[in-house]
Amino acid sequence: MSALFDERNDPMPNVQSMLVVTRDGALTEGLDHVETTGKPISLTAETGHLARLNGRVQQMARDKDVIVVQTDPHDPDDIAALRVLVRSKRPGASVVALADENLSLADVQLLNDAGVERVLPVPHSADALVSELSRIGAARQVTSPVASTPSKAAGRIIATLPARGGIGATTLSVNLAESLAAPRGFGRSKTRAKVALVDLDLQFGSVGSMLDLPEHDALARLAGEGTLPDVTFLRQAMLDHPSGLRIMPAPSTFVPQDALGVAQVAAIIDVLRTEFDYVVIDLPHAVARWIEPVISAADMVLLVADLSVPVVRQGRRLTELLTADNPAVPLRLVASREDKPMFRSSTQREAERALERPVWAWLPPDQKHARAAADQGRPLREVGGVLSKAINRLARQVERELNTSSAVAKGV
């Protein structure tokens with residue numbers, strides 16, 4: 001995802017003008033401005049396909065704060081025109097794509113790679129378009145996260161995804177994050193990574209209760225307001241834990257699983273990865289639309305499953321969904337509540353074939369210590385047991401793999 005702009009560096013942080021390009025003239029007929037936060041925004045509307053209007057759109061976009069274009073990620077000419085438009089816009093301007101609401105993860109990533117900062121479904125009416133444009137303008141005006149400097153490496157995103165409920169994915173998320181945040185080294189050479197833990201299981205998230213944190217409804221408030229979070233909001237929304245973790249717990253009140261928008265979740269990720277070395281995201285068992293930017297941004301996705309037939313089947317459906325259009329999704333299979341065998345059984349080999357990937361890590365059953373840690377609101381490291389040791393080993397695997405991929409990307 002593209003970084004959001006710091007208003008100190010943006011020459012015009014408030015939206016004063018927009019360009020809207022749609023293929024359906026009925027959507028923009030009669031539009032000359034929209035209102036947001038009581039202020040009118042000058043609006044220029046153009047009808048036609050982006051690729052055919054490319055030169056004209058470039059000219060009109062040069063002095064606009066926000067450019068909203070309807071586009072088709074499956075059309076190479078449209079993508080090429082979009083890239084040219086992004087290069088020709090003024091510094092600080094935002095590009096928003098309107099596209100089919102059934103986009104795949106690969107389609108969203110393609111638009112992001114072309115320079116689009118937000119991807120929204122095409123509105124069904126002129127009134128819906130006006131409402132959407134007003135929200136875009138309002139979100140841009142209230143959003144001012146601090147962008148990372150070119151010299152700072154972006155933090156790593158690690159998502160945990162359960163193949164079924166109650167499989168131990170949240171236990172993994174909590175204790176993986178705690179292990180990544182633990183001090184390393186000795187004496188004055190001791191270092192500590194900055195780690196964030198985000199609970200995006202909006203309805204049944206238990207990260208907060210597992211670590212004995214007070215109830216906190218920042219995510220519910222964000223969902224209700226519909227605005228994009230900035231760095232100030234996220235700093236206030238996160239709670240400190242004695243382990244050194246900063247945690248964004250799930251809401252304590254009931255929130256629909258799809259209450260957060262795709263752009264809101266993308267903004268959370270964009271901001272947090274500039275603030276932290278690692279961001280561990282605990283995902284729900286249910287699949288919501290806003291999972292797309294998490295998977296697109298993730299440096300590693302840990303699919304947590306046992307190797308029973310029903311769970312393997314569910315895991316296969318999830319892997320097919322996540323990799324349908326992007327086989328390169330960094331998906332790693334974690335066998336939960338399964339002892340690592342000396343030799344794979346036929347059942348285990350069959351499970352790996354069905355999931356089309358080997359088991360990357362094994363987490364042994366250890367209900368006694370997992371239950372004690374949860375009841376006491378403490379990390380497993382403080383309670384002990386074989387599961388704690390296994391998650392600590394997994395954390396070192398994560399570090400090694402991500403550090404290796406970073407070195408390869410840099411050509412080291």
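Predicted model: local features only at pLDDT ≥ 70, side-chain atom pairs only at ≥ 80, totals over all residues.

Which does Arg337 count as: buried, partly exposed or exposed?

Author: Arg337 counts as partly exposed, because its relative accessibility is 40%. For the cut-offs, buried means under 20% relative accessible area, exposed means over 50%, and partly exposed is what falls in between, using a 1.4 Å probe and protein chains only. Residues are numbered from 1 along each chain as its sequence is written, and side-chain values use heavy atoms, with hydrogens and water left out.

So much for the ground rules; back to our spot. Arg337 sits in the loop between β13 and α13 (346-355). Helices (H or I, at least four residues) and strands (E, at least two) are DSSP runs numbered from the N terminus. The backbone of Arg337 has a phi near 60 degrees, a positive value in a residue that isn't glycine. Glu356 also has a positive phi without being glycine, here near 55 degrees. You'll find Glu356 in the loop between α13 and β14. Glu356 is exposed, because its relative accessible area is 59%.

Now step back from the loop into the strands. β13 (residues 331-336) runs parallel to β12, with five bridges between the two. Two strands count as paired if DSSP finds at least two bridges between them. One place to look is Leu302, which stands opposite Arg332 in β13. β12 itself (residues 300-305) is largely enclosed by the rest of the structure, because six of its six residues are buried. Met300, Leu302 and Val304 point one way from β12, Val301, Leu303 and Ala305 point the other way, and all are buried. β7 (residues 156-162) also pairs with β12, again parallel and over five bridges, and there Ile158 has Met300 as its bridge partner.

Asp366 lies in the loop between β14 and α14 (367-376). Asp366 is buried, because its relative accessible area is 12%. Its C-alpha atom is 6.7 Å from that of Val386, a residue 20 places away along the chain.

In soluble globular proteins, nonpolar side chains tend to be buried together. A nonpolar core here means a set of buried Ala, Val, Leu, Ile, Met, Phe, Trp, Tyr and Cys residues joined through side-chain atoms within 4.5 Å. The largest nonpolar core has 54 residues, and Leu200, Leu260, Ile281, Leu283 and Trp290 touch the most other members. Leaving aside neighbours within four places in sequence, Leu260 is in contact with Leu200, Leu202, Leu219, Leu222, Ala223, Val265 and Trp290. There's also a second, separate core of 38 residues, including Val207, Trp360, Leu387 and Ala395.

Another strand to look at is β4 (residues 66-70), where five of five residues are buried. Val66, Val68 and Gln70 are on one side of β4, with Ile67 and Val69 on the other. β4 runs parallel to β1 (residues 17-22), joined by four bridges, with Val20 opposite Val68. β4 also pairs with β5 (residues 94-99) in the parallel sense over five bridges, and here the partner of Val68 is Val96.

Finally, the whole picture. The protein chain has 15 helices and 14 strands. Of its 412 residues, 56% count as buried. Among contacts between residues at least 6 apart in sequence, 76% join residues at least 24 apart.

Definitions and conventions. Contact = heavy atoms within 4.5 Å.
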